[in-house]
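Take a look at the structure first, then skim the notes by topic.

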Amino acid sequence: MNIHQVNQKAMEFRIDIGIKHNDPVDFFPLITNKLKNLTIVFLKMDEKISGACYRFKNQQIIFINSKHPKGRQNFTAAHEIFHLFYENPIFTICNVNSNDEVEKTANQFASFLLIPINALYNYKKENGIKKWDLNSIIDCEQYFQISHEALLYRLKNIGEITSEEYNKFKPNIRYNAIHRGYDLSLYEPYIGKNYTIGNYVRLVEKTYENGLISNGKREEYLIQSYLSDFVYNLEEL
Ligand SMILES: [Zn+2]
């Protein structure tokens, strides 16, 4: 698959789940809503692992490193979608820096899914950006909710910034974002603990409501999927 075919796949996937051409997306709520058989498990993992995916019958499960910042977690989820929808994975674990060809293709897909080629050029035009600087880069990553590093990497790859600029713009992103009036949510975990969202929880609740499992079993399943706070009412809901 060449780069244009990967972009095409990402564009088609966006249309399938109802994202308009150049719009940014709030990724986790969107895929939880649109991909009905998907479960997302946030897990504390080694820093070097970004995530994993697993398919069981018609159910798809994505594991996300709960220690990573939201921008990277969005990217990982988009990357795992490539494995789940365009390959035949049984259980795949993905490292942050991998030179494997499939991993690189999944990264390209993730990048294009979050910002298609045209969306980036359109953003540049609409915002009158002649030359990218730290202000316009941070504005853009906030708009598309993509990590600072992923956007820099993308801009460097398409020749919009040089390697020197890449190195210059990379450090101190938290300070630089606050300094420009942004909150830090993009640079902190979306969910920073073991937790489950998506279809697994819906299935447990439905099975219980239909009388197929007892409340004890329901609670056991929820606790197994890291929702013990919910079961024991420890969180204010
Ligand atoms: Zn992967």
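Predicted model: local features only at pLDDT ≥ 70, side-chain atom pairs only at ≥ 80, totals over all residues.

Numbering starts from 1 along each chain as its sequence is written, and side-chain values use heavy atoms, with hydrogens and water left out.

- His79 sits in helix 3 (residues 70-86) and Cys94 in strand 4 (residues 91-95), so the pair ties together parts 15 residues apart in sequence.
- Helices (H or I, at least four residues) and strands (E, at least two) are DSSP runs, numbered from the N terminus.
- Both His79 and Cys94 are buried, meaning under 20% relative accessible area (1.4 Å probe, protein chains only).

**Strands**
- Strand 2 (residues 49-56) pairs antiparallel with strand 4 over five bridges, and strand 2 is joined antiparallel to strand 3 by six; pairing takes at least two DSSP bridges.
- Ala52 stands opposite Ile93 in strand 4, and its bridge partner in strand 3 is Phe63.
- Strands 2 and 3 make a hairpin with two residues between them, and Lys57 in the turn has a positive phi of about 55°.

**Largest pocket**
- The largest pocket holds about 1000 Å³ of space.
- A pocket is an open set of points on a 1 Å grid over the protein atoms alone, where a 1.4 Å probe fits, with protein on both sides within 12 Å along at least five of seven lines; lining residues have an atom within 4 Å of a point.
- Its lining has 34 residues, with Arg72, Phe75, Glu149, Ala150 and Tyr153 closest to the centre.
- Helix 3 and strand 4 are among the elements that each supply at least two lining residues.

**Second largest pocket**
- This pocket has about 360 Å³ of space.
- Of its 17 lining residues, Thr39, Ile61, Tyr200, Leu203 and Val204 lie nearest the centre.
- Helix 10 gives the most to this lining, with four residues.

Technical notes
Buried < 20%, exposed > 50% of the residue type's maximum accessible area, 1.4 Å probe, protein only. Points joined across faces, edges and corners; volume = space filled by probe spheres on them.
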